Amino acid sequence: MLIDYETLRAEVEAAISAKGKMVLATSKNDRVTARTMSVVNFGLTIYFQTDSEFLKYEQISANPNVALCFDNVQIEGWAYAEGRSFGEKNEFFREQYRKIHPGSYAAYSHLKTTVLFRVEPQFVTLWKYQDGKPQRWFLDIVTKCARVEKYEID
């Protein structure tokens, strides 16, 4: 069943904003890894920093197709390197990151090998329950379409 795209988009943005940590999955050469990341968002766009010496950096550089998840929300998207976290053009990120993750900011943001990534979500799946029955809600950001499917378990 089709539903209002903008309404679901706003709900997803609010859910992302309420979370400071998400699990990031990356892959290269059929090796998939996942780890919890400290994130900030601006709308649906999600940002995180990592060290250029880490496996996730290598994997994203080879394959920018990533997934993020938290609670009952799954996000598929593309990751783009935005330069050093302390780079002049990334001040918008630093200010938000410092507020939400002060310990990580102080420990890692200033390192010369710390790189900022921007994730542009393409597709989001949410699991919800109505009257105790499971449903999957889908937000297709590329086509600007939203829909709900009942998950029949009987």
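User: Is Lys144 buried or exposed?

Analyst: Happy to start there. Buried means under 20% relative accessible area, exposed over 50%, and partly exposed in between, with a 1.4 Å probe and protein chains only. Lys144 is exposed, at a relative accessible area of 54%. Please keep in mind that this is a predicted model, where local features need pLDDT of at least 70, side-chain atom pairs count only at pLDDT 80 or more, and totals for chains, interfaces and linings use all residues. Residues are numbered from 1 along each chain as its sequence is written, and side-chain values use heavy atoms, with hydrogens and water left out.

User: Where is Lys144 found, and what is its phi?

Analyst: Lys144 is in the loop between β9 and β10; helices (H or I, at least four residues) and strands (E, at least two) are DSSP runs, numbered from the N terminus. Its phi is positive, about 55°, although Lys144 is not a glycine. Asn29 also has a positive phi, near 50°. Asn29 is found in the loop between β2 and β3 (31-38) and is exposed, at 68% relative accessible area.

User: How do I read a nonpolar core, and which residues touch the most other members?

Analyst: A nonpolar core is a set of buried Ala, Val, Leu, Ile, Met, Phe, Trp, Tyr and Cys residues joined through side-chain atoms within 4.5 Å. In the largest one, of 28 residues, those touching the most other members are Val12, Ile16, Ile46, Phe48, Ile75, Val124 and Leu139. Elements that each supply at least two of its residues include α1 (5-17), β5 (45-51) and β8 (114-130). β8 gives the most, five residues.

User: What is Ile16 in contact with?

Analyst: Contact means heavy atoms within 4.5 Å. Leaving aside neighbours within four places in sequence, Ile16 is in contact with Met22, Asn41, Leu44, Ile46, Phe70 and Ile75.

User: How many disulfides does the structure hold?

Analyst: A disulfide is a covalent bond between the sulfur atoms of two cysteines. Here the test is a pair of cysteine sulfur atoms within 2.5 Å, and the structure holds zero disulfides. Cys69 is partly exposed, at 32% relative accessibility, and Cys145 is partly exposed too, at 30%.

User: Which element gives the largest share of the lining of the largest pocket?

Analyst: On a 1 Å grid over the protein atoms alone, a pocket is an open set of points where a 1.4 Å probe fits, with protein on both sides within 12 Å along at least five of seven lines; lining residues have an atom within 4 Å of a point. β3 gives the largest share of this lining, four residues. Of the 15 lining residues, Met37, Gln49, Thr50, Phe54 and Tyr108 are the closest to the pocket's centre.
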